[in-house]
Amino acid sequence: MKSNKQRRHEIKQRRWARMEAQREAALRPAMPHGALAADVQRLELIHGAPFWLPGYYVDISYRCCDCGAACVWTAQDQKWWYEQVQGSLYASASRCKDCRARHRAWRQSHCDAAEMAALRALWRARPDASARARVHAALQSKAPDLRSLAAQALAWWWVQFGDKPAHAQLEALSLERSWAPRIDRILRRQVELRPGVHRVCRVVAYSRVTMGAALSGH
């Protein structure tokens, strides 16, 4: 049985939570006509608590970076990208549907899917000589996806097993802009390995950098 004091405390807590929700709703800008509401709680669960989260989605016009065609990134596609795919909050559409399909086909033809799966499998186990050789070969590959997965293997080896050769090799790498946020999240333990999936908790944009500062904080 709860005492009267406990009940009064719970009532006050609910009242303050209701007032805070009303205050946030009043400060939130009104959605434009035709906008699609964002699931802010889901975005916070996926991306943590960055300084900005979209409250709604609206259609965005852009030009394809390959063919220059005028395109529209619909609000529904944005909601799917940010909330279902868990894509970066700082990413946006850059190619039309046809050019995106051609780019995907090019990536598949220049990057062996089996090799990508093999590199991902190396993340969970303590590295041996064959694993190190495979990662070294992937780092020399012309396919950016293979190089990215190899760099992630080095980061996971350092974080999980304290592997010093991986630390030294990763510290010497000059990471491309698309790699740096993912590697940094691994080093800061903002990403966790799960069966078949790793969840991104926060996404940050970086320029081309080396990872010496992040590595030194291990």
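Mentor: Before the ring counts, a rule: rings of Phe, Tyr and Trp (its six-membered ring) pair if their centres lie within 6.5 Å, with planes under 30 degrees apart counting as stacked, over 60 as edge-to-face and the rest as tilted.

Trainee: How many aromatic pairs does that give here?

Mentor: Three aromatic pairs by this rule. One of them is Tyr57 with Tyr82, a stacked pair at 5.9 Å centre to centre and 20° between the planes. This is a predicted model, where local features need pLDDT of at least 70 and side-chain atom pairs count only at pLDDT 80 or more, while totals for chains, interfaces and linings use all residues. Residues are numbered from 1 along each chain as its sequence is written, and side-chain values use heavy atoms, with hydrogens and water left out.

Trainee: Where do Tyr57 and Tyr82 sit in the chain?

Mentor: Tyr57 is in strand S2 (residues 56–57) and Tyr82 is in helix H3 (residues 75–84), so the pair links parts of the chain 25 residues apart. Helices (H or I, at least four residues) and strands (E, at least two) are DSSP runs, numbered from the N terminus.

Trainee: Buried or exposed, those two?

Mentor: Tyr57 and Tyr82 are both buried. Buried means under 20% relative accessible area, exposed over 50%, and partly exposed in between, using a 1.4 Å probe and protein chains only.

Trainee: Which residues make up the ring cluster?

Mentor: Tyr57, Trp73 and Tyr82, linked by ring pairs.

Trainee: And Trp123 with Trp156, why is that pair tilted?

Mentor: Their ring centres are 6.5 Å apart and the planes stand at 35°, so the pair counts as tilted. Trp123 lies in the loop between helix H5 (113–121) and helix H6 (129–139), and Trp156 lies in helix H7 (residues 144–161), 33 residues apart. Trp123 counts as buried because its relative accessibility is 4%, and Trp156 counts as buried at 4% as well.

Trainee: New topic. Which residues of H2 are buried?

Mentor: In helix H2 (residues 40–47), Leu43, Ile46 and His47 are buried. They are on the same side of H2 because they cover an arc of only 75° around the axis, the arc being that of the directions from the helix axis to the C-beta atoms. On the other side of H2, Gln41 and Leu45 are exposed.

Trainee: What follows H2?

Mentor: Gly48, with a positive phi near 80°.

Trainee: How many helices and strands are there in the protein?

Mentor: Ten helices and eight strands. Of its 218 residues, 32% count as buried.
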